[in-house]
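Hi everyone, thanks for coming. Today I'd like to walk you through one chain, piece by piece, so please have a look at it with me.

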Amino acid sequence: MSTSKNRMSASTTPTDVVVQKVDKDDVRSIIREEKMLANDTNTDSDLTFTAVGEGIAPLNTVSVGQALALAKRAAITDAYRQLASKLYGVRVNGKDTVKDAMLKSSTITAQVNGLIKNASVVDQDFKDGLYRVNVELKIDSDKWKELFAY
């Protein structure tokens with residue numbers, strides 16, 4: 001039995017990979033030093049994000065109570081979507097189709113993906129078939145920097 005060693009040519013030698021564990025405090029100090037975030041004068045406070053959601057009562061419901069419940073659900077969902085867009089941003093895609101130097105179609109889509117937890121409805125009203133909710137989300141400023149500073 002012969003033994004052979006696999007040898008790589010000089011052109012295929014792997015580069016050295018360095019793996020380094022980074023401490024969160026180190027990242028925060030780098031962010032602060034490089035002025036990646038605006039300096040906060042009060043770092044111990046909570047940040048508050050608010051949104052107003054609106055929902056319309058559908059006309060084809062069994063009862064007024066059902067219309068009210070559906071309008072409220074739509075308003076809360078709309079408010080959560082608005083909070084997510086404030087925190088995570090909105091992905092916008094556009095597509096234009098041109099044929100013979102003329103615009104045939106134009107499509108723009110917007111998409112929001114995010115996780116909203118612990119938001120509170122602080123005010124709500126129902127008037128003229130429109131349900132409106134004010135939603136508030138409080139986040140510790142250090143936690144916000146950790147999650148959304150990019």
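Let's begin with a definition: a residue is buried when its relative accessible area is under 20%, exposed when that value is over 50%, and partly exposed in between, using a 1.4 Å probe and counting protein chains only as cover. Before we use it, please note that this is a predicted model, where local features need pLDDT of at least 70, side-chain atom pairs count only at pLDDT 80 or more, and totals for chains, interfaces and linings use all residues. Residues are numbered from 1 along each chain as its sequence is written, and side-chain values use heavy atoms, with hydrogens and water left out.

Now the overview. The chain has three helices and five strands; here helices (H or I, at least four residues) and strands (E, at least two) are DSSP runs, numbered from the N terminus. Along the sequence, the pattern reads α-β-α-β-β-β-β-α. Of the 150 residues in the chain, 15% are buried. The accessible surface is about 12400 Å², and 51% of that belongs to carbon and sulfur atoms; such areas come from the Shrake-Rupley method with a 1.4 Å probe, and for residues, only the protein chains shown count as cover.

Let's turn to helix 2. Its 25 residues reach 36 Å from the first C-alpha to the last, close to the 36 Å expected at 1.5 Å a residue. That expected span is 1.5 Å times one less than the number of residues. Which residues of helix 2 are buried? They are A67, A71, A75, D78, A79, L83, A84 and L87. Their cover includes strand 1 (46–56), strand 4 (120–127), strand 5 (130–140) and helix 3 (141–148).

Look at D78 for a moment. D78 counts as buried because its relative accessible area is 18%. Leaving aside residues up to four places away in sequence, D78 touches V52, G53 and E54, where a contact means heavy atoms within 4.5 Å.

In one of them, R81 pairs with D78, with the closest N and O atoms 2.7 Å apart. Both residues lie in helix 2, three residues apart, about one turn of the helix. R81 is partly exposed, at 43% relative accessibility.

E54 forms a salt bridge with R132, and here the closest N and O atoms are 2.5 Å apart. E54 lies in strand 1 and R132 in strand 5, so this pair ties together parts that are 78 residues apart in sequence. E54 is partly exposed at 38%, and R132 is partly exposed too, with a relative accessible area of 34%.

Last stop: strand 2 (91–99). Finally, V98 in strand 2 counts as exposed, at 55% relative accessibility.

Terms used:
Salt bridge = Lys/Arg side-chain N within 4 Å of Asp/Glu carboxyl O.
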